[in-house]
Amino acid sequence: MRHYLDWVWAGLAGGLLAVMITINSGLAAHSTPFVASWVVHGVGAVAAFFLLRVNLLLVSKRGVTVGQGISKPPLWSYLGGAPGAFAVALSSIAVNSELALAGGLSLLLVGQILFGLISDLWGLFGTPKRALNRFDLMAAACVVAGSALIIYSGGA
């Protein structure tokens, strides 16, 4: 059952990503993509602070010491916000272009799928290595083809 709950969380995260990009592109249309990126990351930092405080409160109520049994993360793991900042800014540019939301999101998905396959193959950033098979490549081809249909259909 836990396995399927992870699928729900992943689907919810994808939906929230689409909502975030839509809202942020609206802000970028009235300012610039980089100003919108700063705003979204500032709001995200405040939200993350409150989530961290709630998490610490819940952990302390269970009697678990913070950091207990958790190893120190590698230094490169603190740089995760940098690609996120660029992704938010670039997605704002894409969504406000002729690609619109569906085309922009479909190309974001293509980039995520292709990088995910490369990461699985080589075990980048500490992810488990996994050999790719023909189904991985066929699924990636279907995502690329679906994105092309969305973009080149012209809303027909």
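# Helix packing and a few residues

User: α2 and α3 are oblique to each other, I see. What angle and axis distance sit behind that?

Analyst: This is a predicted model, to start with. The axes of helix α2 (residues 33-61) and α3 cross at roughly 130°. They come within 8 Å.

User: Which hand does the crossing of α2 and α3 have, left or right?

Analyst: The crossing of α2 and α3 is right-handed.

User: Which residues meet there?

Analyst: From α2, P33, F34, S37, V40 and H41. From α3, G81, G84, A85, V88, A89, S92 and I93. By class, the contact of α2 with α3 divides into seven nonpolar and five polar residues, with no charged ones.

User: Back up a bit. How many helices and strands does the chain have?

Analyst: Five helices and zero strands. From the N terminus, the order of elements is α-α-α-α-α.

User: What box do the C-alpha atoms fill?

Analyst: Roughly 60 × 45 × 30 Å, taken along the principal axes.

User: And what share of the residues is buried?

Analyst: 15% of the 156 residues count as buried.

User: Now α1. How does α1 cross α3?

Analyst: The axes of α1 and helix α3 (residues 81-95) cross at roughly 75° and come within 9 Å. That angle makes α1 roughly perpendicular to α3. On the α1 side, the contact uses M20, I21, N24, S25 and A28. On the α3 side, it uses V88, S91, S92 and V95. The classes come to five nonpolar, four polar and no charged residues for α1 with α3.

User: At what angle does α1 pack on α4?

Analyst: At about 130°, with the axes of helix α1 (residues 2-30) and α4 11 Å apart. α1 is therefore oblique to α4. The crossing of α1 and α4 is right-handed. L17, A18, I21 and T22 of α1 make the contact with L101, L105, L108 and Q112 of α4.

User: How many charged residues in the contact of α1 with α4?

Analyst: No charged ones. The contact of α1 with α4 has six nonpolar and two polar residues.

User: Switching to single residues. Where is S147, and is it buried or exposed?

Analyst: S147 lies in helix α5 (residues 134-152). Its relative accessible area is 3%, so S147 is buried.

User: What does S147 touch?

Analyst: Leaving out residues up to four places away in sequence, S147 touches S106, L107 and V110. A polar atom of the S147 side chain lies 3.1 Å from the backbone oxygen of S106.

User: Why does D136 count as buried?

Analyst: Because its relative accessible area is 15%, and buried means under 20%.

User: Which side chain makes a polar contact with the side chain of D136?

Analyst: That of R130, at 3.1 Å. Again leaving out residues up to four places away in sequence, D136 touches L117, R130 and A131.

User: Backbone next. What is the phi of A100?

Analyst: About 60°, which is positive although A100 is not a glycine. A100 sits in helix α4 (residues 100-122). A100 is partly exposed, at 37% relative accessibility.

User: And what is the phi of F125?

Analyst: Phi of F125 is near 55°, a positive value in a residue other than glycine.

User: Where does F125 lie?

Analyst: In the loop between α4 and α5.

User: Is F125 buried or exposed?

Analyst: Exposed. F125 has a relative accessible area of 56%, and the cut-off for exposed is over 50%.

Technical notes: Residues are numbered from 1 along each chain as its sequence is written. This is a predicted model: local features need pLDDT of at least 70, side-chain atom pairs count only at pLDDT 80 or more; totals for chains, interfaces and linings use all residues. Side-chain values use heavy atoms; hydrogens and water are left out. Helices (H or I, at least four residues) and strands (E, at least two) are DSSP runs, numbered from the N terminus. Buried means under 20% relative accessible area, exposed over 50%, partly exposed in between (1.4 Å probe, protein chains only). A polar contact is a pair of N or O atoms within 3.5 Å; within protein, one must be able to donate a hydrogen and the other to accept it, and residues adjacent in sequence count only if both atoms are side-chain atoms. Contact means heavy atoms within 4.5 Å. Axes are lines fitted to C-alpha atoms, for helices over the stretch in contact, and angles run from 0 to 180 degrees between N-to-C directions. Angles under 35 degrees count as roughly parallel, over 145 as roughly antiparallel, 65 to 115 as roughly perpendicular and the rest as oblique. A crossing is left-handed if the near helix is turned anticlockwise from the far one by less than a right angle, and right-handed if clockwise. Ala, Val, Leu, Ile, Met, Phe, Trp, Tyr, Cys and Pro count as nonpolar, Asp, Glu, Lys and Arg as charged, and the others, Gly among them, as polar.
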